[in-house]
Amino acid sequence: MAILLSLLVILACLSGSFGEEDLQKKVFVFPAASRKAFVRLNVHLPQPLTSLSVCLKHHCPLLRPYSLFSYATRSSDNDFLIFKEEPNVYSISVGGSDVRFKIPRQDIPRWEHICVSWDSRNGLIYFWLDGVLLPRLGTKRGHKISHQASIILGQDQDTFGGGFDIYQSFMGDMSEVNMWPRVLTTDDVRLLMKDDTVPNPLASWNAFNYTIQDYVVVTDEVP
Ligand SMILES: *[C@@H]1O[C@H](CO)[C@@H](O)[C@H](O)[C@H]1NC(C)=O
């Protein structure tokens, strides 16, 4: 019995622990296009969200569309989605409704730091690229984002927890993923870009609870 128990413990550890990890100066590398590889973000949400902010940075060589942050619920596969549609277009979905932010065209891939906030009260979506707020757009005023969520980095969920498409998979480096249950300010965003922290997150890169599926590598941001 004791042997069986220790075996079970070892197995549980091998299959990925549910701990929190400080990922400062670390990145997730998605080394290949895949319909299986992703990072699941384990977040405990006590109640539906009437506002939500997500920041992350990524460095990606792809010219095709790809999914960065996919928050699916039982009522909407795209209850909150950050998706790069073209090298110069980000698509943000809330409650299944999409808006598009156009950014300057760039020919050589570089790190892009983005923050997205949505506020149910007025439906406004805030999009900061490298600390600069783009003109605000809006959708789904009055909507609530369900707290029963499956949150996945690097794949687009077309069903709750699955329905991936290899042609929408992320490739490259992703880092500094954080979430808050409120709208950020431009000062908050600038703090983050200086490697500072913004209080009361739902998920924090400094204490990240995640599970890797298939081929995703955690390594140093600067080799
Ligand atoms: C991490 O997430 C898992 C799954 O949701 C949960 O069971 C566990 O308690 C979390 N760990 C910490 C340290 O919060």
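Residues are numbered from 1 along each chain as its sequence is written. In this predicted model, local features need pLDDT of at least 70 and side-chain atom pairs count only at pLDDT 80 or more, while totals for chains, interfaces and linings use all residues; side-chain values use heavy atoms, without hydrogens or water.

**Stop 1: the sheet.** Show the cartoon. Seven strands make an open sheet, ordered S7-S6-S5-S4-S12-S2-S14, with antiparallel pairing. Strands here are DSSP runs of E, at least two residues long, numbered from the N terminus, and two strands pair if DSSP finds at least two bridges between them. Select 97–102 and 210–213: these are the edge strands S7 and S14, each pairing on one side only. From one strand to the next the twist averages 25°; axes are lines fitted to C-alpha atoms, and angles run from 0 to 180 degrees between N-to-C directions.

**Stop 2: S4 and S5.** Select 80–86, which is strand S5; five bridges join S5 to S4 in antiparallel fashion. Ser 70 has Leu 81 of S5 as its bridge partner.

**Stop 3: the largest core.** Select Phe 28, Phe 69, Phe 80 and Ile 82, the residues with the most contacts inside the largest nonpolar core, which has 44 residues. Such a core is a set of buried Ala, Val, Leu, Ile, Met, Phe, Trp, Tyr and Cys residues joined through side-chain atoms within 4.5 Å. Buried means under 20% relative accessible area (1.4 Å probe, protein chains only). Strand S4, residues 66–73, gives the largest share of this core, four residues.

Now centre on Ile 82. Beyond its neighbours within four places in sequence, Ile 82 is in contact with residues including Val 54, Phe 69, Tyr 90, Ile 114 and Val 116; contact means heavy atoms within 4.5 Å.

**Stop 4: the other core and the disulfide.** Another core, of nine residues, lies apart from the largest one; among them are Cys 55, Cys 115, Tyr 126 and Trp 128. Select Cys 55 and Cys 115: they form a disulfide, with sulfur atoms 2.1 Å apart (the cut-off is within 2.5 Å). The torsion about their S-S bond is about 110°, so the disulfide is right-handed. Cys 55 lies in S3 (51–59) and Cys 115 in S8 (112–119), so the pair ties together parts 60 residues apart in sequence. Both are buried, Cys 55 at 1% relative accessible area and Cys 115 at 0%.

**Stop 5: Cys 60.** Cys 60 is in no disulfide, and the nearest cysteine sulfur, that of Cys 115, is 18 Å away. Cys 60 is buried, at 8%.

Definitions and conventions:
Buried < 20%, exposed > 50% of the residue type's maximum accessible area, 1.4 Å probe, protein only.
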